[in-house]
Amino acid sequence: MLGEALKLLRLFAGMQQSDLAEKLSISKSYLCELEGGKKEFSLALLSKYSELFNIPVSTMLIFAERMDGEKLSERSRVHLAGHVLQFLCHLQPDLKPEDSSDELVEAERR
């Protein structure tokens, strides 16, 4: 699910929903619906994500597709997603994850 993949990207970057919503010029409730899979992402919004996180749209879509295709537990998916995002940070050194993100820690516990 694209929403879940982009939520993990937000969490890895240490951003709160309200902060990201402001940067994307959307409401926090709309972002919540996007991340929860209740709304679909537009290409324009994906482009904003791409610019904000400095990651190509194609990479975000591949990441989301990989998350959907695997039959892993939620905990395993979050753990693996963290490693994928760390790898992306090596490719994009200006993207720095927040290791102390409470939301990411909470997600990894599930």
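Biologist: What percentage of the 110 residues of the protein count as buried?

Modeller: A residue is buried when its relative accessible area is under 20%, exposed when that area is over 50%, and partly exposed in between, with a 1.4 Å probe and protein chains only. In this protein, 39% of the 110 residues count as buried. The model is a predicted one, in which local features need pLDDT of at least 70, side-chain atom pairs count only at pLDDT 80 or more, and totals for chains, interfaces and linings use all residues. Residues are numbered from 1 along each chain as its sequence is written, and side-chain values use heavy atoms, leaving out hydrogens and water.

Biologist: How many helices and strands does the secondary structure of the protein come to?

Modeller: Helices (H or I, at least four residues) and strands (E, at least two) are DSSP runs, numbered from the N terminus. Here there are 7 helices and 0 strands, and the pattern along the sequence reads α-α-α-α-α-α-α.

Biologist: How many aromatic pairs does a search of the whole structure find?

Modeller: A pair of aromatic rings is described by the distance of the centres and the angle of the planes. Rings of Phe, Tyr and Trp (its six-membered ring) pair if their centres lie within 6.5 Å; planes under 30 degrees apart are stacked, those over 60 edge-to-face, and the rest tilted. The search finds 2 such pairs. Phe-41 and Tyr-49 have ring centres 5.8 Å apart and planes at 70 degrees, so this pair is edge-to-face. Phe-41 is buried at 14% relative accessible area, and Tyr-49 is buried at 0%. With Phe-53, these two residues form one aromatic cluster.

Biologist: In which helix is confidence lowest, and in which is it highest?

Modeller: Where pLDDT is low, the predicted coordinates should not be read in detail. The pLDDT is the predictor's confidence in each residue, from 0 to 100. Its mean over the protein is 77, and 66% of the residues reach 70 or more. Confidence is lowest in helix H7 (residues 102-109), at a mean of 47, and highest in helix H2 (residues 17-24), at 96. Over residues 99-105 the pLDDT is below 50.

Methods. Contact = heavy atoms within 4.5 Å.
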